[in-house]
Amino acid sequence: MTLSRIPVTRAWRRWRRPRDLEVPRDAVDVEDANRRFLMYGVMPLWFVPAVADWLMHRRTRIEETSGTKESAIHALMMTEAGVPVAMGLLARVNPLVLSVMGGAAVAHGATALWDVSLATGEREVRPVEQHIHSFLEVLPLSAMAFTCCLHWDQVRAALRGGDRPEDWKLLPKDNPLPVRYLAAIGLGIGACVVLPYAEEMRRCIRAARARKAV
């Protein structure tokens, strides 16, 4: 019995029991190539511009200009990107997951526009930082595009409104991604996204408290 045919809670209790998904390194099959590029290309690409953007914020001393407000927007954008990423890594791709990905991509784009509108009025946003933003804005769309290519049957189901009960359930993958890969991605997100932007928020809060104390 596949995980998609049993209750949601019970399915997640068993999510590591099926055989791990195999992604051959030397296969030339189009599906394997797309999956390999999504896993080892698009996903790690998120880390580099995330750190670079944090460095730009630090260089322009965000804590003394736009402060906690802009840093909170950055946290919101990370959430908008992180939720669909977690679902794509752990959950079975179905109309529910694809809908969340699409909605999150739209929300992320709108929040990015809000972020730039705020930042340009409070601090210097150089062309280099604007190009970094371009990478960060396109990566969620790229990840969704590759996911749709790998699961076109689920895209069609979503366009039809999802007529099966499991189409709108958050279920674990029938074949989960390898633990080593998930651990590496989790470590990368923690080191390159969570920690730098937590440090940024901490600086902004400390600077705001120092200004109030004067």
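Throughout these legends, a residue is buried when its relative accessible area is under 20%, exposed when that area is over 50%, and partly exposed in between (1.4 Å probe, protein chains only). The model is predicted, so that local features need pLDDT of at least 70 and side-chain atom pairs count only at pLDDT 80 or more, while totals for chains, interfaces and linings use all residues. Residues are numbered from 1 along each chain as its sequence is written, and side-chain values use heavy atoms, with hydrogens and water left out.

**View A. The largest pocket and its lining.**
The largest pocket holds about 970 Å³ of space, a volume filled by probe spheres set on grid points joined across faces, edges and corners. A pocket here is an open set of points on a 1 Å grid over the protein atoms alone, where a 1.4 Å probe fits and protein lies on both sides within 12 Å along at least five of seven lines, and its lining residues have an atom within 4 Å of a point. There are 47 residues in the lining, and those lying nearest the centre of the pocket are Met43, Pro84, Val85, Met101 and Ala143. Two or more lining residues come from each of α2 (30–45), α3 (47–59), α4 (67–90), α5 (95–122), α6 (127–150) and α8 (179–213), where helices are DSSP runs (H or I, at least four residues) numbered from the N terminus. By residue type, the lining of the largest pocket consists of 30 nonpolar, 8 polar and 9 charged residues.

**View B. Methionine 101 in helix α5.**
Methionine 101, one of the residues nearest the centre of the largest pocket, lies in helix α5 and is buried, with 10% relative accessible area. When residues up to four places away in sequence are not counted, methionine 101 touches Pro84, Gly88, Met144 and Thr147, a contact being heavy atoms within 4.5 Å. Glutamate 80 is 21 residues away from methionine 101 along the chain, and the C-alpha atoms of these two residues are separated by 9.0 Å.

**View C. The largest nonpolar core and a second, separate one.**
A nonpolar core is a set of buried Ala, Val, Leu, Ile, Met, Phe, Trp, Tyr and Cys residues joined through side-chain atoms within 4.5 Å. The largest such core has 22 residues, among which Trp46, Leu89, Tyr181 and Ile185 touch the most other members. Helices α2, α3, α4, α6 and α8 each supply at least two residues of this core. Leaving aside neighbours within four places in sequence, tryptophan 46 is in contact with Ala81, Gly82, Val85, Leu136, Leu139, Ile189 and Val193.

The structure holds 11 salt bridges, each a side-chain nitrogen of Lys or Arg within 4 Å of a carboxyl oxygen of Asp or Glu. Arginine 61 sits in the loop between α3 and α4, is partly exposed at 42% relative accessibility, and has a phi near 55 degrees, a positive value in a residue other than glycine. Arginine 203 and glutamate 199 also form a salt bridge, at 2.8 Å from N to O; because they are 4 residues apart in helix α8, about one helical turn separates them. Of this pair, arginine 203 is buried, with a relative accessible area of 13%, whereas glutamate 199 is partly exposed, at 25%.

**View E. Arginine 92, aspartate 174 and the loop between α7 and α8.**
In the salt bridge of arginine 92 with aspartate 174, the closest N and O atoms are 3.9 Å apart. Arginine 92 belongs to the loop between α4 and α5, and aspartate 174 to the loop between α7 (152–159) and α8, so the pair ties together parts that are 82 residues apart in sequence. Arginine 92 is buried at 15% relative accessibility, while aspartate 174, with a relative accessible area of 28%, is partly exposed. Proline 172 is likewise found in the loop between α7 and α8 and counts as buried at 0% relative accessibility. Although proline 172 and arginine 92 are 80 residues apart in sequence, their C-alpha atoms are 5.1 Å apart in space. Glycine 161 is another residue of the loop between α7 and α8, and it is partly exposed at 40% relative accessibility. From glycine 161 to histidine 108, which is 53 residues away in sequence, the C-alpha to C-alpha distance is 24 Å.

Terms used. Nonpolar A, V, L, I, M, F, W, Y, C, P; charged D, E, K, R; others polar.
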